[in-house]
Every structure is written in structure tokens, then in C-alpha cells.
Amino acid sequence: MLQRVSGLNKTYMMQLATIFLGFIIFGISENIKGPAIPRIQYDFNLDEMQLGSLLSLNALGYLIACSFTAYLTRKLGIKAVTLLAFGAMLVSGILIFFSRSYPIFSSSYFLMYIGNGMLEIGLAILGARIFIRNTGTMMNLSHFFYGLSSTVAPMIASGMMSVTLYGHMLDWRGMYLVMLSLSVLPMIPALLSYFPGDDLPLEDRVPLKMLVRDPALWLLVLILSFGVVSEMAVGGWLVNFLEKAYRWDGVAASGMLSAFFFCFSAARLFLGPVTDKIGFNLSLIIFSAFSAVCTFAAIWGGESLAFLFAAAGVGIAPIYPTIMAFIAKRYPRGSDTAITFTVTLMGIGSVVGNYAIGAITSGIKNSYGLDAETGLLRGLQAGYGFIGLCALICAISGCILYKYLKARKELI
């Protein structure tokens, strides 16, 4: 009996190591590009349009990965898919290192984001299958590791590009090779572990046609899509807002962004048990409403309440992992399909959402005509206000979901 328990504990530890290390690698691969982009642009003599096209490979590779990852999971199993995702990122790092022409480099970069997309969905499916107890806590803890690596990755990448090894500077190619080679680390526990769910017969899995008939799933798509827009847009717009609206210098504005990510990471580390205690339905409403209130108060309150921009991270951080936990609980026999469907639509929604912020900002700014300074301020406020509106839509959708599930006595 003791040997059996010990074996189960060892398997679970290997599963946890795969997921936690996987999220660290995921955060690294997504966030090392910041320091490298200027050097990549210089080396390949890229104009702004070419650079934009290169970065758009992120969304394209991600959406393509969404289209086939669930299918591969059903055919090959989640273990094989996870290993393929890590392997694709490792191979892309090697190809990036040896790329000397832009077409080869862009192809290698595209492969990296294919692996990235596969990895995000694979880790979500793994978590849904493994975290049977304390699902909210464990999902938030897993995503904390993503936030942690996302925070330190740009600093490590920046320092590594100036490292000299055997008389040669690593530069951005060597940095990508070293950082993406870390994908080997989670492959080790993945190889040594067993992951449940692959042995579930196809006839026992809930088909997509049945899932899309559930209004709750569409409400989860709404909450996740607007939540991710509200989460991701902060990184692209907060520094810009503080510098142009309040005339902050770059250091102070970046410091506020760091404070946001600190609040964001802390929330994922500490608020997981709260989601399990009060329920996922209530958690989605409370946290997203808190983020909306903080964002609107920061805009309307002016510079003296700018700290609330950072505090908004506390509310928006648990949304993504809580949705994943929700799906795991509600669709135990179709979590891989439900996650892929939800995350794919989220990816499309987040692209549209970020374009909307730019369009709102420009539209309001231009409507003021010659009064450029006031127009810029109002445009920035309106654009950033859309980020708060996204969080508010999350809360409203959460209320509708709560009412729908409560009427059926299916609250989670």
C-alpha cells in the first residue's frame, strides 16, 4: 500500500514539474523578443511594415496551432503533443541561431509560435486533467509561473545578448538558442510521467457539436476574450498612457507597469484558494468587477490615483486560470475540445480588441481637430477606458452566467 501511494506521489510530482516548468518556458518564449527586436530589425534591415508582419506571426501561429492541437491530442495523446510542443520550440531555437537570411529566420520564428500555441493548449489540457482537487488554486499557481518567467525573461535576454562565449558574443541568435534550449528541461519529467485521459474511449468524449449548444460555454468565451484583452492590453498601452497623458518619464511609467505585473503575479499566487472557497462563478464576477472599478477610477481620478492602474492587475489576473478551472469542472469528458474551442475564439477576440483600442484612441483624438493636446488626452482616456470596459463586460457576462447556472442548480 505504501509503495502504491509513493508511486502515485512520484507520478504527481512529475506531472507538476512538467506543468510548472512548461509555464516557465512558455513565459520565456513569449517575452524574450522585446530586447531582441531592435537588433533583429537592424540585422535584417527591416522596415516597420516587415517588423509588424514578423510580430503578427505570433497570432497566426497561435491560431493555426489551435486548429490542430485538439485533433493531435485525440490521436497521439497529450503526452506526445506536449513533447512535440517542447521539441518544436527547441528546433526553432537551433534554426534561429543558424538563420542568415530573413526568409529562413521568419520561418524559424513562425515554427516557434506554432510550438508556443501547442504548448499553451497542451498545458491547459494537462491542468484540466490533473488538477481534480483544488482546481482553482492549482490553475492559478501554474499561471503564476508564467507570470514569474514573463517578468524576468526580458532582463535575462537583455543581459545574455552581451555575453561573450569563446570569444564570440551570443547576440540575439545565441540568446534565442540558449533560452529555447531550456525546453529540454520539462521534456524530462514529461517523458518519465503518465498523464490521465488519453485512455478515455472516443465514444465517451463529449463532441464539439454538443458543447457549442451549451450557452455557458459561449459565456465563458466572452469572459475569457474580454478578460485577455483587458490583461494583455495593459502591457502595450499603460506606459504610453502615462508618458503622454501625465508627462511621466520612461522610468516612472515602466515602474508602474512593473507594479501592475507584480500585483498580477501576486494575485495568481495567493488568490487561487479564494476561487476554490467562494466558487468560480462568483470569483469571475468579483475579480473582473474589481479590475474595472480600479481602471475607471484611475482614469477619472487623474494622476493622483494612477496607482490604481497597477491595482487592477489583482482583479484581472485570476480570470484566465479560473476559466480553465471552470472548463475542467464543467466538461470533464470534453475539456480538451472545450479548451481548444474557447482559446481559439479568445485569440481572435484579443486581436480585434487590441485594434479597437487603437481605433478608439485615434478616433477621439482626431475629433478634437486643432486642439491636439486635449484631443490626445481624451483619446488616450477613451482608449484606456476600453480596457476597463472589457473588464466590466467580463463581470456582466459573469452575472449572466451565474443566473443561468443557478437556475439549473449547476453553479461551480
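## Exercises on a predicted chain

Lysine 409 lies in the segment that follows helix H17 (372-407). The model is a predicted one, and the exercises below begin with this residue.

**Exercise 1.** Determine whether lysine 409 is buried or exposed, and describe its phi angle.

*Solution.* Step one: a residue is called exposed when its relative accessible area is over 50%. Step two: lysine 409 has 80% relative accessibility, and therefore counts as exposed. Step three: the phi of lysine 409 is positive, about 55°, although the residue is not a glycine. As background, most residues other than glycine have a negative phi.

**Exercise 2.** Carry out the analysis for arginine 247, stating its place, its phi and its exposure.

*Solution.* Step one: arginine 247 is located in the loop between H10 and helix H11 (250-270). Step two: its phi is positive, at about 60°, although arginine 247 is not a glycine. Step three: with a relative accessible area of 59%, arginine 247 is exposed.

**Exercise 3.** Classify methionine 210 by accessibility and state its distance from proline 318.

*Solution.* Step one: methionine 210 belongs to helix H9 (residues 208-211). Step three: methionine 210 has 48% relative accessibility, so it counts as partly exposed. Step four: methionine 210 and proline 318 are 108 residues apart along the chain, and 28 Å separates their C-alpha atoms.

**Exercise 4.** Identify the residues that touch the most other members of the largest nonpolar core, and examine the surroundings of phenylalanine 309.

*Solution.* Step one: the core holds 128 residues, and those touching the most other members are Tyr176, Leu242, Phe309 and Met324. Step two: helix H10 (residues 215-245) supplies the largest share of this core, 16 residues. Step three: leaving aside residues up to four places away in sequence, phenylalanine 309 touches several residues, among them Leu238, Phe241, Leu242, Phe260 and Tyr384.

Conventions
Residues numbered from 1 in each chain as written. Predicted model: local features only at pLDDT ≥ 70, side-chain atom pairs only at ≥ 80, totals over all residues. Heavy atoms only, no water. Core = buried A, V, L, I, M, F, W, Y, C linked by side-chain atoms within 4.5 Å. Buried < 20%, exposed > 50% of the residue type's maximum accessible area, 1.4 Å probe, protein only. Helix = DSSP H or I, 4+ residues; strand = E, 2+ residues; numbered from the N terminus. Contact = heavy atoms within 4.5 Å.
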